[in-house]
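Dear colleague,

Please find below the structure that I am handing over to you. I would be grateful if you would look through it before reading my notes.

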Amino acid sequence: MSSIHNSHNQSTSGQPGPALALQTPATAPASHAAVGVSVAHQQPSSSMVLLLASGASLSVASLYYSQPMLGVLATDIGVSDLDIGFVPTLTQLGYALGILLLAPLGDKHDRRNIILVKAGLLVVSLIAAAFAQSLSVLLIASLAIGLTATMAQDIVPAAATLAHESRRGKVVGTVMTGLLMGILLSRVISGFVAEHFGWRTMFVLAAAGVSLIGVAIWRGLPHFAPTTTLSYRALLGSLLDLLRRHGMLRRASLAQGLLAMGFGAFWSTLAVMLHAEPFHLGSAVAGAFGLAGAVGALAAPVAGHLADKHGPGLVTKLGAGLTAVSFAAMNFSPFLSPTAQLWLLGIGTVGFDLGVQATLIAHQTIVYSIDPGARSRLNAVLFVGMFIGMASGATLGSALLAQWGWTGVTGLATATALAALAVRFWKVPAGKA
């Protein structure tokens, strides 16, 4: 038998939490309260890790299925390009609200039950989107999809709890790779399905996928006991307290939010831009750009290794710089032929996706080092900042595309990336990341 140390100190959780249903070896600092349990710790199997990675991938993918289909959606529903831009905006906003209001509940309730409830509600939301006949219904469904897709942010802490300390980084990294691949490949799949079978089919298939993974999680994932008895109000209040007390957290959230703004502006307008002159390309081509972005997700472990070896602060600068250069290069598109523009878009997509993902991994390394007892809430603060930036970028990107064309979008993305780089270069006291 082993014991687990409750790592929530008085400043973040208010009091020692009850015993966990799962155990890790007693390796936490002696200053943390230890609580004995009677269930032997088992290292998650490869199939369990694959299940968690698949769950994170399918749930977070739901946020991005609509993006390559926006041109088709606007035509089918009969709305303007500006109005259809609110679909990804509300989806990202819903995700940010879900992380803020729902993700902290994983510390207070059985995380397995939360994942299953969100999976069921996500299926309902996707079905509602599939049968939407008006923009208003689609917007409501998009907001609900964002709220419930936060099950991905419950799956990642579950993986960290299941894993032995000696393999925790590898297990969490594998699940995060699944999450990132879900973000990027979702666009490829939805673009192809929408062009050949219709956009409603994509939402139905997405609902079926989440249903299957929900059943697998119900059968395979163990229960998790709560780690805090804080009230819901106090739990949310601790997020603000963490943000107020930790400059590293504020800096990481701001820089990642700025990068996400350009990221969201690009992906929420790409399909509309390619659908218009001079390209007249379908949703499958817009989705195919996700394959270029997948390079960034696959390179995420390399970014983590560089962060371990040279420090995460350096990786954030390199990532933000690469993002700025990639977006800046796209500003030369008007001077090129259509074919050359597509090549530039592809190369630029590889560059900025790699930069954004590398910076995110480095920022997570920085944030997780602040307080091991509050990692889920620290992660929530970081991702709220990131998805607020993404939702803002989607809104601004649609407006700029309508007013200034593609140059307006790439100009915004370049400016926000440079601002993120400035945040990372801003001089801070020694010891601050």
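Predicted model: local features only at pLDDT ≥ 70, side-chain atom pairs only at ≥ 80, totals over all residues.

Residues are numbered from 1 along each chain as its sequence is written, and side-chain values use heavy atoms, leaving out hydrogens and water.

The average pLDDT (the predictor's confidence in each residue, from 0 to 100) of the protein chain is 82, and 84% of the residues score at least 70. Over residues 1-41, pLDDT stays under 50.

Helices α10 (residues 232-245) and α16 (residues 375-404) pack at an angle of about 70°, and their axes are 10 Å apart. Helices here are DSSP runs of H or I with at least four residues, numbered from the N terminus. The axes are lines fitted to C-alpha atoms over the stretch in contact, with angles running from 0 to 180 degrees between N-to-C directions. α10 and α16 are therefore roughly perpendicular (65 to 115 degrees) to each other. In contact (heavy atoms within 4.5 Å) are Leu 235, Ser 238, Leu 239, Leu 242 and Leu 243 of α10 with Arg 377, Leu 378, Ala 380 and Val 381 of α16.

Gly 85 lies in the loop between α3 (81-84) and α4 (86-101). With 4% relative accessibility, Gly 85 is buried (under 20% relative accessible area, 1.4 Å probe, protein chains only).

Pro 278, in the loop between α11 (247-275) and α12 (283-298), is joined to Glu 277 by a cis peptide bond with omega of about 0°.

Note on methods. Helix = DSSP H or I, 4+ residues; strand = E, 2+ residues; numbered from the N terminus. Parallel < 35°, antiparallel > 145°, perpendicular 65-115°, else oblique. Buried < 20%, exposed > 50% of the residue type's maximum accessible area, 1.4 Å probe, protein only.
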